[in-house]
Amino acid sequence: MTEINTLAQSVPDIASVTASQLLAYISVALLLQAFACVVFAMWRRTVPACAPQSAAYEDVVPAVNGAWSDWRDFRVVRREFEDAAQTQCSFHLQAVDGVPLTPFQPGQYLTFSLKLPGGVAGTPSGVRTITRCYSLSDRPAAAGYRITIKRALAPADRPELPSGQSSSFFHDHVHEGDVLQVKAPSGHFFIDPDATVPAVFIAGGIGITPMMSMLRWCTEEQPGRLVHLYYGVRSSNVHAFKLVLEELAAAHAAFKLNAVYSSPTAADVLGHDYQHSGHIDLALLRRTLPHGRHQFYVCGTPPMMRSLIPALREWGVQPDDIHFEAFGPASVRPTGLVSNEPALVTSASVAVRFSRSGRTLAWDAQDDNLLDFAERHGLPVESGCRSGRCGACQTRLLSGIVTYADKPDLDIPKGHCLLCVGKPQSALVLDA
């Protein structure tokens with residue numbers, strides 16, 4: 001009360017204030033209010049501009065969004081082979097920053113930036129950077145990720161071709177404790193969470209990896225959902241996750257396992273190691289699947305994809321119930337062949353100008369696409385799916401014509417091209 005009375009005594013009596021004094025008081029108050037508004041506006045304008053520059057602010061983005069926009073460091077904490085022949089190796093990854101990982105969509109993939117030894121002549125570092133994508137092979141978990149990579153060898157009929165650069169690097173050079181640069185999970189190939197519709201997973205070879213993610217998620221989150229897995233491999237020697245799949249089938253009555261061996265060994269027992277001989281085809285599906293609607297998820301080799309996807313459509317499966325992911329360049333046309341499509345004609349040697357890099361290179365038709373061509377010459381290019389689906393490698397086409405053996409799933413904006421599935425039909429100038 002003493003402080004309030006003192007303050008009151010210091011204020012002039014209103015009755016004794018003249019008109020000129022009152023006007024002065026009002027003017028001063030208005031000036032103070034205007035000054036306060038200016039200061040507040042400047043503060044509002046300054047804070048948003050400065051906040052994103054703070055490393056601390058950016059560091060918490062993954063925890064809030066569940067994703068991150070650039071590369072993030074992950075440490076390999078364990079690696080283990082998943083098949084008897086040791087051709088398929090799993091790498092368990094944990095974020096170096098320790099921030100927990102929020103769930104991804106089961107079936108998605110990770111993108112890696114890999115520094116391989118043996119730089120291109122003229123580059124000072126002695127290393128070359130390539131970008132590759134690998135499907136997540138386990139259900140979402142906050143502690144870490146798992147990918148499973150098959151060593152890609154030269155085809156039996158083309159032994160002169162080199163083995164896979166990225167898969168060989170992982171198998172031979174990536175060990176526990178190593179740190180890799182990784183982008184957040186992405187991709188449009190993932191399971192529909194509607195548990196009322198049975199899911200049919202069809203995998204060939206290493207195509208089992210996204211199916212393992214979906215399957216593990218289903219048995220954990222939707223144990224009553226009817227799930228069929230058709231997994232085609234040569235024999236038990238390359239049957240990845242064999243014991244895990246058999247244990248899941250024994251523990252979950254709703255999970256129906258169908259291993260299909262094309263070349264079983266003498267030790268492989270039908271009905272024990274595998275359920276069917278031959279290859280996965282429409283006849284097998286019609287014979288073993290119950291009637292009714294199913295959602296099909298297909299991932300495998302180009303021959304399997306080219307035969308099975310059209311067969312499912314001809315069987316009457318609705319397009320919305322067919323989900324697939326192809327290895328490498330897209331191998332399945334969404335609507336089949338188009339009769340008036342021009343034949344792909346690629347000159348044996350054309351000039352390809354990378355305007356930002358300031359380099360002009362001669363396309364010699366040795367590469368499957370412009371992305372491989374750029375990487376072979378030491379030009380790092382952003383990429384993701386490498387099959388014409390994600391658009392990560394989309395590049396402005398400043399001049400020239402780029403053609404595609406198969407129409408990409410992605411709608412390409414005018415004046416742009418997809419490097420991962422495109423080849424030059426004329427001299428090119430690319431904004432890369």
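Q: Which residues have the most contacts inside the largest nonpolar core?
A: This is a predicted model. Its largest nonpolar core has 28 residues. Those with the most contacts inside this core are Phe201, Ile208, Met211, Leu229 and Leu245.

Q: Which residues does Phe201 contact, leaving aside its neighbours within four places in sequence?
A: Phe201 is among the residues with the most contacts inside the largest core. Contact here means heavy atoms within 4.5 Å. Leaving aside neighbours within four places in sequence, Phe201 is in contact with Ile191, Met211, Met214, Leu215, Cys218, Val227, His228, Leu229, Tyr230 and Tyr297.

Q: Is His228 buried or exposed?
A: His228 has its place in strand β8. Not counting residues up to four places away in sequence, His228 touches Ala199, Val200, Phe201, Lys256, Leu289, Pro290 and His294. The cut-off for buried is under 20% relative accessible area. His228 is at 5% relative accessibility, so His228 counts as buried.

Q: Why do the buried residues of α7 line one face of the helix?
A: The buried residues of helix α7 (residues 242–251) are Lys242, Leu245 and Leu248. An α-helix has 3.6 residues a turn, so residues three or four places apart point the same way. Seen down the axis of α7, the buried residues line one face because they fall within an arc of 135°.

Q: Which residues are exposed on the other side of α7?
A: The buried residues of α7 pack against α6 (208–221), β8 (227–233) and β9 (255–261). The other side of α7 has exposed residues. These are Leu243, Ala250 and Ala251.

Q: Is the pair of Tyr134 and Phe170 stacked or edge-to-face?
A: A search of the whole structure finds 14 aromatic pairs. In the pair of Tyr134 and Phe170, the ring centres are 5.5 Å apart. Planes over 60 degrees apart count as edge-to-face. The planes of this pair are at 80°, so the pair is edge-to-face.

Q: How many residues apart are Tyr134 and Phe170?
A: Tyr134 is buried, with a relative accessible area of 14%, and Phe170 is buried at 0%. Tyr134 is in strand β4 (residues 127–135), and Phe170 is in helix α5 (residues 165–173). The pair links distant parts of the chain, 36 residues apart.

Q: Is the pair of Tyr261 and Tyr274 stacked or edge-to-face?
A: Both Tyr261 and Tyr274 are buried. Tyr261 lies in strand β9 and Tyr274 in the loop between β9 and β10 (276–277), so the pair ties together parts that are 13 residues apart in sequence. The ring centres are 4.6 Å apart and the planes are at 15°, so the pair is stacked.

Q: Where does Gln86 lie?
A: Phi of Gln86 is near 55°, a positive value in a residue other than glycine. At 48% relative accessibility, Gln86 counts as partly exposed. Gln86 lies in the loop between β1 (72–81) and β2 (88–95).

Q: What is the distance of Arg72 from the ring centre of Trp68?
A: Arg72 lies over the face of Trp68. The distance from the ring centre is 4.6 Å.

Technical notes:
Residues numbered from 1 in each chain as written. Predicted model: local features only at pLDDT ≥ 70, side-chain atom pairs only at ≥ 80, totals over all residues. Heavy atoms only, no water. Buried < 20%, exposed > 50% of the residue type's maximum accessible area, 1.4 Å probe, protein only. Helix = DSSP H or I, 4+ residues; strand = E, 2+ residues; numbered from the N terminus. Arc of directions from axis to C-beta. Core = buried A, V, L, I, M, F, W, Y, C linked by side-chain atoms within 4.5 Å. Phe/Tyr/Trp six-rings, centres within 6.5 Å; stacked < 30°, edge-to-face > 60°. Lys NZ or Arg CZ within 6 Å of the ring centre and 35° of its normal.
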